[in-house]
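I opened my notebook for a structure I had not seen before. I wanted the overall layout, then the surface.

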Amino acid sequence: MEYVNFIALGCSIAALALSLIACARVGKFVRSTADTDWETLANLTGDIAALKRTCQTLNNRLNGMNKATIPQDQIIQQMIEHQNVEQIRRGG
């Protein structure tokens, strides 16, 4: 039964250490953002929104290049057939 007490003591010390580390991180964050005003926050929000739109546009372009729903041979075949139809309609 004595080892259970040591395990509980070890867990308590670990929890205390982790809470002290968390408090230190929160304090550091508060100190670093103390001089941030609403205008700066609005500018950062706008910049993030612009970056998000740029990333989405780039991802859409890349997805469009990688995902071909119709094989390229089939597209070429359709172009050839379309040219033949146009020549017949023109009388050539």
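**Layout and confidence**

I counted the elements and found 3 helices and 0 strands in the protein. I read along the sequence and noted the pattern α-α-α.

I kept in mind that this is a predicted model. I looked up the confidence next. The protein averages a pLDDT of 84, and 84% of the residues score at least 70. Which element has the lowest mean pLDDT, and which the highest? I found helix α3, residues 72-90, lowest with a mean of 71. Helix α1 is highest, at 96.

**Surface**

I checked burial. Of the 92 residues, 0% count as buried. The protein exposes about 8800 Å². Carbon and sulfur atoms supply 63% of that area.

I then looked for a nonpolar surface patch. I noted one of about 490 Å², made by M1, Y3, V4 and I7.

I followed V4 from there. V4 sits in helix α1, which spans residues 2-32. Is V4 buried, partly exposed or exposed? I looked up its relative accessible area, which is 38%.

Terms used:
Residues numbered from 1 in each chain as written. Predicted model: local features only at pLDDT ≥ 70, side-chain atom pairs only at ≥ 80, totals over all residues. Heavy atoms only, no water. Patch = residues over 30% accessible without salt bridge, like charges linked within 9 Å, V, L, I, M, F, W, Y side chains within 5 Å. Areas by Shrake-Rupley, 256 points an atom, 1.4 Å probe, with all protein chains shown as cover. Salt bridge = Lys/Arg side-chain N within 4 Å of Asp/Glu carboxyl O. Helix = DSSP H or I, 4+ residues; strand = E, 2+ residues; numbered from the N terminus. Buried < 20%, exposed > 50% of the residue type's maximum accessible area, 1.4 Å probe, protein only. pLDDT = per-residue confidence, 0-100.
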